[in-house]
Amino acid sequence: MAGTRVRGLKKPSKDLFREALLDHIREAPVAKVSVSGLCRRAGLSRPTFYANWETLDDFLRHAQEDLAYGLVAATGADKDVNVLSSRDRVRSSYLAWFRYADDNREALSLFLGENGFAGFLRNYIELQGINWYKKALAASGLRDENPVASDTLANYIVSAHTGLL
């Protein structure tokens, strides 16, 4: 895998390009990012960029998907819709979500900020979360006890989570 040495450790080129994107968003709108600028910031070549992504749009979409998917994956919910099956599982799932959000606080803040992606919250976090919660609520068996429609409940839960970001 292409990469550069950082303090004796080889860092994957994809990580360097993601860091370059964050560096760019700290200074300028994501709409002004370019492959050349990312390569310059990452200290890597254009062929290395294109070995990983076909286009700049592919890279930008991938960066957003990775960050948003990480919120779900951190909880284990990407592999198990039964996370809501017990209080202990719900608690550990939420703690994992908050840990991931805290560990990725800067990237989330930059992606959601004025220089970030206009549709990031809606396109990736909310829609992914709402779809997952609908499945999890159906799998949990709580639907029978709950007078609130699962769509409404899923929207409420995800809105509460995203409000914390």
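1. Helices (H or I, at least four residues) and strands (E, at least two) are DSSP runs, numbered from the N terminus. The model is a predicted one, in which local features need pLDDT of at least 70 and side-chain atom pairs count only at pLDDT 80 or more, while totals for chains, interfaces and linings use all residues. Residues are numbered from 1 along each chain as its sequence is written, and side-chain values use heavy atoms, with hydrogens and water left out.

2. Of the 165 residues in the protein chain, 39% are buried, meaning under 20% relative accessible area with a 1.4 Å probe and protein chains only (exposed is over 50%, partly exposed in between). Contact means heavy atoms within 4.5 Å. Among contacts between residues at least 6 apart in sequence, 57% join residues at least 24 apart.

3. Helix packing is considered next. Two packed helices are described by the angle between their axes and the distance between the axes. Here the axes are lines fitted to C-alpha atoms, for helices over the stretch in contact, and angles run from 0 to 180 degrees between N-to-C directions. Angles under 35 degrees count as roughly parallel, over 145 as roughly antiparallel, 65 to 115 as roughly perpendicular and the rest as oblique.

4. Helix H1 (residues 13-27) packs with H4 at an angle of about 90 degrees, the axes being 11 Å apart. H1 and H4 are therefore roughly perpendicular to each other. The contact brings Phe17, Arg18 and Leu21 of H1 to Phe59, Leu60, His62, Ala63 and Asp66 of H4. By class, this contact has five nonpolar, one polar and two charged residues; Ala, Val, Leu, Ile, Met, Phe, Trp, Tyr, Cys and Pro count as nonpolar, Asp, Glu, Lys and Arg as charged, and the others, Gly among them, as polar.

5. Helix H4 (residues 56-75) also packs with helix H6 (residues 105-112), at an angle of about 125 degrees and with axes 11 Å apart. That makes H4 oblique to H6. In this pair, Ala63, Gln64, Leu67 and Leu71 of H4 meet Ala107, Leu108 and Phe111 of H6. The residues of the contact comprise six nonpolar, one polar and no charged.

6. The axes of H1 and H6 come within 10 Å and cross at roughly 50 degrees, and the two helices are therefore oblique to each other. Leu21, Leu22, Ile25 and Arg26 of H1 meet Glu106, Ala107, Leu110 and Phe111 of H6. This contact divides into six nonpolar, no polar and two charged residues.

7. Which residues of H6 are buried? They are Ala107, Leu108, Leu110 and Phe111. Seen down the axis of H6, these buried residues fall within an arc of 165 degrees (taken from the directions from the helix axis to the C-beta atoms), so they line one face of the helix.

8. Phe120 belongs to helix H7 (residues 120-140). At 0% relative accessibility, Phe120 counts as buried. Leaving aside neighbours within four places in sequence, Phe120 is in contact with Gln64, Leu67, Ala68, Leu108, Phe111, Leu112 and Ile125. Ala68 lies 52 residues from Phe120 along the chain, and the C-alpha atoms of the two are separated by 8.5 Å.
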